[in-house]
Amino acid sequence: MRPRPPASRPREYLAILAGALAAGAGGALFDQVTATISPEYFLDGKGLAASSLPFRIAVAWTGFRGGLPLGALVAGVGLVRAARSDRFSWRAWLARIVAALAAALAVCPAVMAALDPFGVREASLGAWPPGAATRYLVCWGLHAGAYLGVLVGVFLVRSADTR
């Protein structure tokens with residue numbers, strides 16, 4: 001099997017830029033959802049209480065910036081894999097990343113809320129309304145799961161991928 005010829009550099013750069021911008025937009029939307037779950041995660045955890053921007057815009061901007069490197073990573077690693085194998089399938093590879101992401105988004109919030117590994121509930125007593133600490137932990141778990149899921153999906157190598 002011969003590797004595919006490399007794409008032109010401008011096309012590769014555009015693909016990485018497009019991946020980064022797409023993931024940035026996804027991150028902005030993701031953070032809008034998680035800000036609804038726990039405003040405290042953003043106000044106290046991310047320090048947006050000190051932002052001069054309106055809350056939802058500050059949240060979107062934070063999510064956009066957080067998604068950029070993930071999108072660039074997915075596109076960049078995908079381009080390398082595509083150039084090295086004529087059996088590479090963007091569709092199958094992206095589906096594997098989405099599956100890993102979905103699994104991490106299901107597991108990580110539950111683990112964070114169940115374990116409270118950093119004592120958030122105790123630390124927030126009297127500062128937040130009841131239930132806010134659990135929502136904070138769920139939100140934190142969703143964010144950790146998003147990064148973990150994408151990274152596992154990107155770097156998960158099946159034996160068929162290495163032939």
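**Packing around helix α3**

The axes of α3 and helix α6 (residues 132-155) come within 10 Å and cross at roughly 10°, where axes are lines fitted to C-alpha atoms, for helices over the stretch in contact, and angles run from 0 to 180 degrees between N-to-C directions. The two helices, α3 and α6, are therefore roughly parallel to each other; angles under 35 degrees count as roughly parallel, over 145 as roughly antiparallel, 65 to 115 as roughly perpendicular and the rest as oblique. The model is a predicted one, in which local features need pLDDT of at least 70 and side-chain atom pairs count only at pLDDT 80 or more, whereas totals for chains, interfaces and linings use all residues. Residues are numbered from 1 along each chain as its sequence is written, and side-chain values use heavy atoms, with hydrogens and water left out.

On the α3 side, G66, L70, L73, V74, V77 and R81 meet Y147, V150, L151, V154 and F155 of α6, contact meaning heavy atoms within 4.5 Å. By class, this contact of α3 with α6 holds nine nonpolar residues, one polar and one charged (Ala, Val, Leu, Ile, Met, Phe, Trp, Tyr, Cys and Pro count as nonpolar, Asp, Glu, Lys and Arg as charged, and the others, Gly among them, as polar).

Now to α3 itself. With 30 residues, α3 reaches 44 Å from its first C-alpha to its last, close to the 44 Å expected at 1.5 Å a residue; the expected span is 1.5 Å times one less than the number of residues. A kink of about 25° lies at G67 in α3, shortly before the proline P69, the bend being the angle between axes fitted to the seven residues ending at a residue and the seven starting there.

Helix α4 (residues 90-115) is another partner: its axis and that of α3 (residues 55-84) come within 11 Å and cross at roughly 140°. The pair α3 and α4 is therefore oblique. From α3, the contact is made by V74, A75, V77, G78, L79, R81 and A82, and from α4 by W90, W93, L94, R96 and I97. These residues divide into nine nonpolar, one polar and two charged.

Helix α1 (residues 9-37) packs against α3 at an angle of about 140°, with the axes 5 Å apart, and α1 and α3 are therefore oblique to each other. The contact of α1 with α3 has 17 nonpolar, 10 polar and three charged residues.

For the chain as a whole, the secondary structure comes to six helices and zero strands, helices (H or I, at least four residues) and strands (E, at least two) being DSSP runs numbered from the N terminus. The C-alpha atoms fill a box of roughly 65 × 35 × 20 Å along the principal axes.
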